[in-house]
Each structure stands twice: as C-alpha cells, then as structure tokens.
Amino acid sequence: MPSAASRRPSPIAWLIAPALLLFVLFFVLPFAIMAAMSFFSSNPIGNPHAVMTTRHYERFIVDSAGIFHDALWETLRIGLVTTVVSLLIGYPLAHWMARMQSRLGHALALMAVITPLLTGIVVRTFAWMTILQDKGVINTTLIAWGLIHKPLPLMYNEFGTVVALVHIYVPFMMLTLIGVIGRIDERLEQAARSLGAGRLRAFVEVTLPLSLPGILAGSLLVFALSISAYVTPSLMGGTAVLTLPMLIAQQVGTSFNPGFAGALGVVLLSVSLVIVIAYNRILARLAGEQGLA
Amino acid sequence: MTSRPPVSRRTMLRAGASLAAAASFGAPAILHAETKTLKITTWGGKWGDIMKGTVLPAFEKEHGCTVSADQAFPYVPKLQVSPRNDPLYDVLHTNSNEQWLAVVDGLVMDRITAKEVPNVADVYPYAVSDKIVGVSIFTSAIGLGYRTDKGITPPRSWKDLADPKLAGARGGYLIPVNSLGQCHLMMLGKVYGKGLQDLDAAYKALEQLKPIKLVDFTGQMEKMLLSGEVTEGVIHDSGVYRYDGQNQPVDFASPSEGVMALEQVLNVTPGSKVKELAFAYIDYMLRPDVQKLLAEGVWYSPANKKVKLEAKYDAKLLTTPAKVATLIQPDWKWYNARKDDIDARVTKILKG
C-alpha cells in the first residue's frame, strides 16, 4: 500500500504546474477549440443545427477557385525569404554586438535594436508605406532627381511585404543570436587562428557551428512570426499578396465562417510544424547533434 | 446646571462623517445595481467623438442608463460567439451587408417597425425597404472621389474609372472585405452588363481596371486621395465632403448611372435583456435633433425626412425624396449567398 508521502505530488510537479496550466490555457485550449470548430458546419455555440463535417478541409483540398494552395505557398515563401534575409542582416550585427568590448557601446547598440520594438507593428508598417509607395520618399526623390520617370513598384507586392517584415522581425533574430554568440568563448576562435586558420575559416569552422542553436531559435521565431503576420502583408501587399492569415481574417471578419477559418488555421499550423521539425533535424545533423537537442 | 448630552458633538460629527463616507462608497454600487446598461456597437473617428462626447451622454441622462459602446471591429463574429439569451450587444450598428449575414444566424431582428420605434414613421422609404434588415439611420452615396489638381475631367460615369490615363492611379477596395468594393462590383455589372447581378460582366470589367490600388477601409481611401497616391477612386460622399473647407484638392462625383447606398443600420438582438431600452435608443438616434447633429458632424445623409440641415449640407447631402431616389440599394441576400464564390473569383482576377 503506498504511503501518504509517496501519494503527495513531488515539489517539482508543483513548480511545473503553473507553467503547464498556462500552456494548456493559452495554447492547447485555443488550438483545441479552433481544431474542433473546423469540423463543424457552423458555430455550434450559437447554432443548435450545427453538424460535424469535413467539408472545410475538402474545400481547401479541392480548391476549385485555385487560391488556397497559392495562398499557402505564398505564406511559406514570404516566411522563408523573411527568415533568410533577417538572418543575413541580423547575424553580422549580432556578432559585432556580442564581441563589442565597450559596455557603453553595447548598451547603446542594444537600445537601437530594442527601440523599434516599442513602436506598434501598424505604425511601423504605415511608416514603410510612406517610404515605399508611389508618392513615397524613395520614388518622389528618384523622380525629382530625374533618375526615373515613373514610380518603381516598391509596394503592393512581395518585395514591399518582405522589406517591412524584415524590419519588424530582425530584432527578434538579433536578440536571440546576441545571447548565443556572446556565450561562445572567444578563445576558441583565437586558438583556431593560432593554429593557422584565417579569420574566415576560424569563423566558419568554430563560431558558426557553435552559434547554430541561436540560428535555429532565431530562424524559427522569425519564421513563425512571419507566416502568421496579418497587418503587414495586408497593408504592404495589396492584391498582389494573399497569405493564409489574410484569408483566415477574411473568413472570420467578413464571411463569418469560423469553421473554414479554423480549418485554414489547422492547415497552416500543421504545414509549419512539418517545416520546423525538418529544419530542426537538418540543423541538428549539420551541427553533429551538439547543442540542438 | 447643564446636562451633558448622551452623545457628544465630536462623536456626532465623527459618526456623520463616517456615514457620509460609507454612503459615498456605497452609493455607486447601489446606483450601478439599479442602472440598466445598454450595450451597443458604434464607429470610431469623428462619428465616435460626437457619439461619446454628446449623443450618448444625453441619452444616458434622458433614460437613466449607461451605454457601453464597442468601437473595435469586427462586431458580428463577437456576437456570433456570445450566448443568444445574453448577447454581447443589445444594438448592433453595421452596414447592410453584415446585418443580412447576421439575420441568417438569428443574431438580429429581421424588421423594426414604427410600433417598436415611433420615429420609423418619419424615415424615407429606403431606410426600411425590403433591402434593409433593421432600420437605416443614415446613408451615404457611393460614387467617385477625385483629385481636382491633376488635370482630369471630373468623372460623370462609372466607366470613367477605366480611363487608361488612370492606370495605377485609380483606387478601389478589397472586395472580399469591404462592402463599398462589393457595391462597386455590382455596379460594374449594371454599367457593363445586364444589371447589378450580372457577375460575368462585372468580372470582365474588373479585369479592365487593373492596375488598381485596393484598400481595406474608406479611411485608407481618403488618405490615398489626400496624398495624391490615387487620382480617382471609389468612395462614399461623406469621405470627401468631410474635408469641405479644409482646402484639400478633392471632390466627389455622383456618376450618371446612379450611386449605391451605404447604409448605417441599427438593429436589436433578439435575446437582449433591455429590449425596450434598445428600441428607445434607435428611436433617439432617429430623432431630428440627433440626426442633424450627426449629419452635419460627419456628412451622412439623415434617414428622417423631417431633418432640416444648414444650407451647405442640404446642398450636398441626400435630403429630399428626389435625391434619395437616386440611391441604389443592392440585394445583399443575393450577394451574401454567393460571397464565397465571388471572393475567390475576384481574388484570382486581381492577383493574376
């Protein structure tokens, strides 16, 4: 017969419980509701005649209008491009900041990275609109200088969308990378150089592999944020850009079809999970399974 | 010999102060318990300022109630997930297309008559026509806004928007999300085809409008026109008239084929616990003095026939039976039944 002490939950369970509760409340429950809604003909809360159905998924799979598959591909493409560009911009800057000797310089640079996060996404997107639109700062200036005669197509396309998304999400990439690169012992790189490696080779063979956990975390963060972005693609993309979050918002906000919106949400989450797991595996293999588990 | 009172003056003062303090703490709770709350939806911007600054406080005073106004879109999905017998709103204010979607789910009443709202007896026929679910308290004319400083001829027809000179400088709406865009699509069917429901003609005409700058909201179209990003675009008259006297190079044109009606509709939720108050609110919003205040504040055409506006508003807004007769009311029931297919088709056309 188990003793009273063995039946009592361990102290670790008590420590984990609040986090578990939050996870269930703010992730599992909303997702479960969304997934459940995707299998109902209409909202079962208000409509007693709602029945179970798979028609929302069939609608997505059949895609008679040919826009849902395009929207999924466009969402993933924008997410991938935004992630790669954010990494290319963010990594050198993060490396520079992590290796900065001056504490004041580091603090100032960190402030420069964090400050944009204090401004709302809508405001920053509108700022990009004033810069990239036909009558915006760039086109007006180039036309005034006589370099171009008609405005360059900088907005209402994927280019403008990616530019704004990169600006918005590059701080997330940098903040993740700064922490990881900052913890890499600089003497390892110095040792490689003392053994004859050049600056580039020492970086490629020592620093870069050791910073892979940061690259993985930063990339996943930026990718997840980019594929779920709604405001920026809808304002910067016009009709040229159609992403799944835009379609989901449309289904909820103007078509009042929560079932199909739920199905689109489940599809987006499933596809992005597959990509995330694959990316995780590839990077883990590249890093020799070190530090990525 | 003076006898000492059973309670000293100081004690009396202390007790009085304590009672006053207790009363001041307790009173709001008691008041709150007795005061009914009317939950409504309303617009933001200038409309919201007038509502919150003047219209709603006066209603609260008159009816001894409090009004809780939601200005955060989207309203119908929020109503959809609230209990039917205790809905999130008592009065739903939206455009007609959404009222028609809401009535299908039983979220709002299908009709409001003079029996429930006496001022309905004084509204123009369009405000309670068979194209309306609830009652329209204001309307705007959907036509064309244009820049007066770009050397273009003021538009007379909807066809003028297709002028090749306007390529990339013409504006419209994302049809799946904006009822002005949906009205424009139907109007293309009328102008280029057999009528508002001639979708094939409308799709063909839409193709001819590319490249076109599309926005979500009328506020964005206003900004595009004001900044010169768009030279000519679909907009409702109040979106242009509200800049009257501000020295802006924009004007509004009513195309000869007619203007579409953008109705501001109020409706009551069947499960409202304060239905009488909800009807009283709609009646209040239709009162001539309230109608005049809002019409002149945001340049919306009042639904009540008895409203007398200042000359400059009267000249531009739809304030006579003849002017109101120029309004075209779309069949939203018909449109909503096809919305998914239309959305998919126009998305493909405009993306391709």
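## Questions about a pocket and chain B

Colleague: Which residues lie nearest the centre of the second largest pocket?

Modeller: They're D134(A), A167(B), G168(B), A169(B) and K213(B), out of the 35 residues that line the pocket. Bear in mind that this is a predicted model.

Colleague: What makes D134(A) a lining residue?

Modeller: A lining residue needs an atom within 4 Å of a pocket point. D134(A) is in the lining, so it meets that cut-off.

Colleague: Which elements give two or more residues to the lining of the second largest pocket?

Modeller: From chain A there's α7 (137-144), and from chain B there are β6 (213-215) and α14 (339-351). With three residues, α7(A) gives the most. The pocket's volume is about 770 Å³.

Colleague: How is the lining split by class?

Modeller: You get 16 nonpolar, ten polar and nine charged residues. Ala counts as nonpolar, so A167(B) and A169(B) go in that group. Gly counts as polar, which puts G168(B) there, while Asp and Lys make D134(A) and K213(B) charged.

Colleague: Why is T320(B) called partly exposed?

Modeller: Its relative accessible area is 30%. Buried is under 20% and exposed is over 50%, so T320(B) falls in between. T320(B) is in the loop between α11 (311-316) and α12 (321-324) of chain B.

Colleague: How far apart are T320(B) and Y124(B), in sequence and in space?

Modeller: They're 196 residues apart in sequence, with 9.0 Å between their C-alphas.

Colleague: And how much of chain B is buried?

Modeller: Buried residues make up 55% of its 352 residues. Chain B has 14 helices and eleven strands. Of its contacts with a separation of 6 or more, 72% join residues 24 or more positions apart.

Conventions:
Residues numbered from 1 in each chain as written. Chains lettered and ligands numbered in written order. Predicted model: local features only at pLDDT ≥ 70, side-chain atom pairs only at ≥ 80, totals over all residues. Heavy atoms only, no water. Helix = DSSP H or I, 4+ residues; strand = E, 2+ residues; numbered from the N terminus. Buried < 20%, exposed > 50% of the residue type's maximum accessible area, 1.4 Å probe, protein only. 1 Å grid on protein atoms, 1.4 Å probe; cavity = no way out; pocket = protein on both sides within 12 Å on 5 of 7 lines; lining within 4 Å. Points joined across faces, edges and corners; volume = space filled by probe spheres on them. Contact = heavy atoms within 4.5 Å.
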